[in-house]
Amino acid sequence: MKALKKNMPEKVEAIRDCISKAEMGALIVQGYTHIHSSPNIKGDRFANIVDSALEKGRTPIFPWELIRLASVIEVTSSIQREKTISTIITALQLDNKPTLKGRVTSVLEELLTNAFYHAYHLPNGKEKYERTKAANLETTEVIRIQFGVKKGGVFLSVEDKAGTFSFKHLQNALKRCYTKTCPEQLESKAGGAGLGLYLIFEETTHLKIVSIPGKSTRFCCWIKDPARSKSQIYSFNCFSEEKK
Amino acid sequence: MNLPNEKLKIEITPSEAGKKAVLRGVIDEDSNLTELLQNTNSLIVNFKEITAINSCGIRSWVNLLKELKEVKVIYEECPPLIVRQMNMVPSFMGHAQAISVYTPYVCSECEAEKLVITPDSLFSQGKITVPESMPCEKCQKGVMEIDGQTKQYFAFSK
């Protein structure tokens, strides 16, 4: 398996193992796009799925994506954000699970904020929608949310139609936030996606990002229910596809 | 249209050593935290009724703490969502001291969840003596255990 090769020359195509979220963050900063925390990566079925997909040049679908079970909501205004999150929390029946509810709410909030305010750009490269104002998207900019629940955790997916995410954004965010003295990001009054990306990364058990530059970006997450699983297994995978 | 700014309520009252602020609602980009810039030696912040905080709220809070660098800031009754920020973003804790947090427990039998107020005598300076489990009052069959990893939950107290 590629994961076990030493001195891997092509970081993007290699699966790496790690022992903690901070170490995973450090590997992302180095350029690794596929990282699994399994203590036995050869027997890790998710790592095997990625390995096989990379061989075929495809983006894999993981079992935790609950494709057949997931519900879909589409939103076009940031004013709908809180109501949408509340609707999803109720649909997922998380009201009696405060810890999981808190994590899901936090991740959804940051994913939607990124999609509304940081995904869409003007031709001059500036962000199209100001953070301090309501964002009313155009019909071609609709944000698609998928969500589902299964014993063990919650699946979430948020997709924008901009495709402006770059792996470099995430690398910069993690580099700043895993450095204990990270004042430049936290003190910025102008805002930015950095801290939000870090929170998404920290709160999710499995995170898959599929970016099609100029077309869409999709964040897919599995958030484990800590009440059902004390497992410390997590993964990160970032795929970039070509616009068709 | 500017977004409304009514999601966070702050109630400030005198306390023994200074002032106490009880926060209710959501800390986000619309939160006006300037009320907390009090002329006092000590400020107790009660987070019990905070229901959500996002990255913009965290950033505002970190900036507030910087302004309060000469003030003794004490966090009390921190719910899990605040404890998570204390662990994930060290600057959110800054020079503040947490004197009590809510510890989440979950029943292995009926999955009931319960938040138990935990004083700092049980987690100060990284020495954690918080009970790992307790009988479930709801189903009276199962055992309630800490929801997640104890060491990770109290990592802020290092």
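Two strands count as paired if DSSP finds at least two bridges between them, and strands (E, at least two residues) and helices (H or I, at least four) are DSSP runs numbered from the N terminus. What you see here is a predicted model, where local features need pLDDT of at least 70, side-chain atom pairs count only at pLDDT 80 or more, and totals for chains, interfaces and linings use all residues. Residues are numbered from 1 along each chain as its sequence is written, chains are lettered from A and ligands numbered from 1 in the order in which they are written, and side-chain values use heavy atoms, with hydrogens and water left out.

**View 1. An open sheet in chain B has 4 strands.** Read across, the order is S7-S6-S9-S8, with antiparallel pairing. S7 and S8 (133-135) sit at the edges with a single partner strand each, so one side of each has no neighbour in the sheet. Ignoring direction, neighbouring strands are turned by 35 degrees against each other on average. For this, axes are lines fitted to C-alpha atoms (for helices, over the stretch in contact), and angles run from 0 to 180 degrees between N-to-C directions.

**View 2. Strand S6(B) covers residues 100-107.** Is this strand enclosed or open? All 8 of its 8 residues are buried, so S6(B) is largely enclosed by the rest of the structure. Buried means under 20% relative accessible area, exposed over 50%, and partly exposed in between (1.4 Å probe, protein chains only). Ser100(B), Tyr102(B), Pro104(B) and Val106(B) lie on one side, with Val101(B), Thr103(B), Tyr105(B) and Cys107(B) on the other.

**View 3. S6(B) has partners in S7(B) and S9(B).** With S7(B) (residues 113-119), there are 7 antiparallel bridges, and Pro104(B) is partnered by Leu115(B).

**View 4. Helices H1(A) (residues 21-30) and H5(A) (residues 167-177) cross in chain A.** Their axes come within 9 Å and cross at roughly 135 degrees. That makes H1(A) oblique to H5(A); angles under 35 degrees count as roughly parallel, over 145 as roughly antiparallel, 65 to 115 as roughly perpendicular, and the rest as oblique. Residues in contact (heavy atoms within 4.5 Å) include Ile28(A) and Val29(A) of H1(A), and Leu170(A) and Leu174(A) of H5(A).
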